Structure formats: C-alpha cells, structure tokens
Amino acid sequence: QFHYERMNEAFNLIKTGASLVAINKSRYFKRDDGLAIGTGAFVSALEFSCDVKSHVVGKPEPAFFHLALKGMLDDLRAEETLMVGDDVRDDVIGAQKAGLQGALVKTGKYQDGDEKRYGEKPNFVFENLEEMAAMVVEQYKN
C-alpha cells in the first residue's frame with residue numbers, strides 16, 4: 001500500500017546510503033478510469049528531498065532498449081528496429097535516442113499534440129496499430 005509513510009521510509013533509507021533505483025520516471029499512465037500520475041512524480045520527489053539522482057533502469061534509458069535488442073535475434077540492428085508506443089517521450093523518443101526507429105500511435109494514453117511537445121519528432125505517427133502494421137507489411141513487400 002502506497003502512502004506518505006512509505007515515501008518517508010524510502011527517504012530515510014536513501015539518506016542513510018541506499019541507492020534510488022527507478023523502473024522509470026513516467027509522467028502518467030492510463031488506467032481503466034482515466035489517466036493516473038506516474039512514477040516520475042515520486043522518483044523526482046525523492047531525488048529532490050534526498051539531493052540524489054536516481055538510477056533509471058527502464059524506458060527511456062538507452063540501456064533498456066539495447067538490452068531488449070540483445071535478447072532478440074543475434075543480427076538484429078537498432079536502426080532496423082521499430083519501437084511502437086503511445087508515450088512520445090519514454091517510448092518513442094527514448095527509442096530514437098538509442099538508435100531505433102520510433103513510431104507513435106494515437107491510442108492509449110496519447111494526448112492531442114504529443115508528437116510536437118518535446119522538440120524531437122517521432123520517425124512515424126500512426127492513428128492506430130492497424131495503420132502501423134499496414135505500413136510495415138507494405139515495406140516488406142518492396
């Protein structure tokens with residue numbers, strides 16, 4: 001159960017030498033009842049309060065994407081791999097910074113204009129997964 005005392009417990013552990021390791025620093029995620037605050041708010045609060053920098057081991061860190069590629073085919077190259085996601089910052093731009101191609105789908109937690117929010121643009125923007133799949137299939141035909 002998450003509550004203030006759990007955050008304070010984490011705060012005290014970090015202040016006495018523990019490392020702050022985060023799975024990600026997501027801004028928000030989509031639940032059945034709408035959008036919900038993501039882990040990033042809590043990680044940032046601990047970073048600020050403890051005057052430390054977290055070790056992020058998930059998206060959008062390049063090491064996350066490289067590790068995922070390493071676990072796939074031996075000859076899979078980043079620049080030939082398409083990462084598809086509904087989070088332009090963590091999924092798409094994160095993948096592009098790691099050398100992959102990035103595709104944003106306007107589904108899930110996508111918000112109008114996300115593709116223009118961070119300066120970097122996705123390599124591809126699709127209305128949905130079906131549109132993305134049609135493009136991939138068409139590319140392999142040629």
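This report describes the cores, strands, backbone features and salt bridges of a predicted model.

## The largest nonpolar core

The largest nonpolar core has 8 residues: Met 7, Ile 14, Leu 20, Ala 22, Val 43, Leu 46, Cys 50 and Val 56. Two elements, helix 1 (4–15) and helix 2 (39–50), each give two or more residues to this core. The greatest share comes from helix 2, with 3 residues.

Val 43 counts as buried because its relative accessibility is 9%, and the cut-off for a buried residue is under 20%. Leaving aside neighbours within four places in sequence, Val 43 is in contact with Leu 20, Ala 22, Asn 24, Lys 25 and Ser 54. From Val 43 to Phe 126 there are 83 residues in sequence and 31 Å in space, C-alpha to C-alpha.

Val 56 is another member of the core. When residues up to four places away in sequence are not counted, Val 56 touches Ala 22, Ile 23, Asn 24, Lys 25 and Glu 61.

## A second core and helix 4

A second, separate core of 7 residues includes Phe 65, Leu 69, Ala 78 and Ala 95. Ala 95 is also one of the buried residues of helix 4.

Helix 4 (residues 88–97) is mostly covered, with 8 of its 10 residues buried. The buried residues are Val 88, Asp 90, Asp 91, Val 92, Ile 93, Gly 94, Ala 95 and Gln 96. They pack against helix 3, strand 5 (82–85) and strand 6 (101–105).

## Strand pairing and a surface patch

Strand 2 (residues 28–31) pairs with strand 3 (residues 34–37) in the antiparallel sense, over 4 bridges. The two strands form a hairpin with 2 residues between them. Within this pairing, Lys 30 has Leu 35 of strand 3 as its bridge partner.

Val 21 belongs to strand 1 (residues 21–22). Val 21 is classed as exposed because its relative accessible area is 53%, and the exposed class begins over 50%.

## Backbone features

Most residues other than glycine have a negative phi, and most peptide bonds are trans.

The peptide bond that joins Lys 59 and Pro 60 is cis, with omega about 10 degrees. Pro 60 is located in the loop between strand 4 (55–56) and helix 3 (62–70). At Asp 51, phi is near 55 degrees, a positive value in a residue other than glycine. Asp 51 sits in the loop between helix 2 and strand 4, and it is exposed, with a relative accessible area of 71%.

## Salt bridges

Side chains of opposite charge can pair when their charged atoms come close. The whole structure contains 14 salt bridges. Among them is the pair of Arg 6 and Glu 9, whose closest N and O atoms are 3.5 Å apart. These two residues are 3 residues apart in helix 1, so they are separated by about one helical turn. Arg 6 is partly exposed at 44% relative accessible area, and Glu 9 is partly exposed at 43%.

Asp 87 and Lys 109 form another salt bridge, at 2.6 Å from N to O. Asp 87 lies in the loop between strand 5 and helix 4, and Lys 109 in the loop between strand 6 and strand 7 (124–126), so the pair ties together parts that are 22 residues apart in sequence. Both partners are buried: the relative accessible area is 3% for Asp 87 and 9% for Lys 109.

A further salt bridge links Asp 90 with Arg 89, the closest N and O atoms being 3.2 Å apart. Here Asp 90 is buried, with a relative accessible area of 3%, whereas Arg 89 is partly exposed at 27%. Salt bridges that share partners also join Arg 27, Asp 87 and Lys 109 into one network.

Note on methods: Residues are numbered from 1 along each chain as its sequence is written. This is a predicted model: local features need pLDDT of at least 70, side-chain atom pairs count only at pLDDT 80 or more; totals for chains, interfaces and linings use all residues. Side-chain values use heavy atoms; hydrogens and water are left out. A nonpolar core is a set of buried Ala, Val, Leu, Ile, Met, Phe, Trp, Tyr and Cys residues joined through side-chain atoms within 4.5 Å. Buried means under 20% relative accessible area, exposed over 50%, partly exposed in between (1.4 Å probe, protein chains only). Contact means heavy atoms within 4.5 Å. Two strands pair if DSSP finds at least two bridges between them. A salt bridge is a side-chain nitrogen of Lys or Arg within 4 Å of a carboxyl oxygen of Asp or Glu.
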